[in-house]
Amino acid sequence: MHDAFMTERIYKKLLVWQQAHALCLDVYRITKSFPDDERWRLTDQMCRASASVPANLAEGNMKPSQKEKARFIDIADGSLDELHYHFRLAKDLSYINEIQFNEFD
């Protein structure tokens, strides 16, 4: 097997990436309880936004310049804001309760 596939990815050591990955897993878990008719609407949007955060942190971490790294961090931050709105919408639609919203907020 090629050595590159056997090495630990540097981004996995970043606390921010670890937290973003945990958030993504939590989003996938909580959206399983959403109504079936939301599968291709809110559920899909929340899963995509949550996966975008650790993915952009990982990709940006490998960029050679600070400017490029910052661009990917900005994208991840934007995905977090998008996800925050989706959680508010989920709360207002009664898919999650106030306590769950506050935990994610």
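Trainee: Which ring does the charged end of Lys-91 sit over?

Mentor: The ring of Phe-101, with 5.6 Å between the charged end and the ring centre. A charge sits over a ring if NZ of Lys or CZ of Arg is within 6 Å of the ring centre and within 35 degrees of the ring normal. Keep in mind that this is a predicted model, where local features need pLDDT of at least 70, side-chain atom pairs count only at pLDDT 80 or more, and totals for chains, interfaces and linings use all residues. Residues are numbered from 1 along each chain as its sequence is written, and side-chain values use heavy atoms, with hydrogens and water left out.

Trainee: OK. And what does the charged end of Arg-71 sit over?

Mentor: The ring of Phe-72, at 4.7 Å from the ring centre. Arg-71 belongs to helix H4, and its relative accessible area of 48% makes it partly exposed. The cut-offs are under 20% for buried, over 50% for exposed and partly exposed in between, with a 1.4 Å probe and protein chains only.

Trainee: Let me back up. How many helices and strands does the chain have?

Mentor: Five helices and zero strands, so the pattern along the sequence reads α-α-α-α-α. These are DSSP runs numbered from the N terminus: H or I with at least four residues for helices, E with at least two for strands. The C-alpha atoms fill a box of roughly 45 × 35 × 25 Å along the principal axes. Of the 105 residues, 32% are buried.

Trainee: Back to rings. How many aromatic pairs are there?

Mentor: Three. Rings of Phe, Tyr and Trp (its six-membered ring) pair if their centres lie within 6.5 Å; planes under 30 degrees apart count as stacked, over 60 as edge-to-face and the rest as tilted. One of them is Tyr-11 with Trp-17, with centres 5.0 Å apart and planes at 65 degrees, so edge-to-face.

Trainee: Is Trp-17 buried or exposed?

Mentor: Buried, at 12% relative accessibility.

Trainee: What about Phe-87 and Phe-104, how are their rings arranged?

Mentor: They're stacked, because the centres are 4.2 Å apart and the planes sit at 20 degrees. The pair links distant parts of the chain: Phe-87 is in H4 (residues 66-92) and Phe-104 in H5 (residues 98-104), 17 residues apart. Phe-87 is buried at 4% relative accessibility, while Phe-104 is partly exposed at 23%.

Trainee: Now helix packing. At what angle do H3 and H4 cross?

Mentor: Roughly 160 degrees, with the axes coming within 8 Å; H3 covers residues 42-61. Axes here are lines fitted to C-alpha atoms, for helices over the stretch in contact, and angles run from 0 to 180 degrees between N-to-C directions. H3 and H4 are therefore roughly antiparallel. For the wording, under 35 degrees is roughly parallel, over 145 roughly antiparallel, 65 to 115 roughly perpendicular and the rest oblique.

Trainee: What kinds of residues make up the contact of H3 with H4?

Mentor: 14 nonpolar, eight polar and three charged. Nonpolar covers Ala, Val, Leu, Ile, Met, Phe, Trp, Tyr, Cys and Pro; charged covers Asp, Glu, Lys and Arg; the others, Gly among them, are polar.

Trainee: And how do H2 and H3 pack?

Mentor: At about 165 degrees, with their axes 9 Å apart, so they're roughly antiparallel. H2 (residues 15-31) and H4 come within 13 Å, axis to axis, and cross at roughly 30 degrees. That makes H2 and H4 roughly parallel.

Trainee: One last thing: where does Leu-14 lie?

Mentor: In the loop between H1 (3-6) and H2. Leu-14 is partly exposed at 30% relative accessible area. From Leu-14 to Asn-61 it's 9.3 Å, C-alpha to C-alpha, with the two 47 residues apart in sequence.
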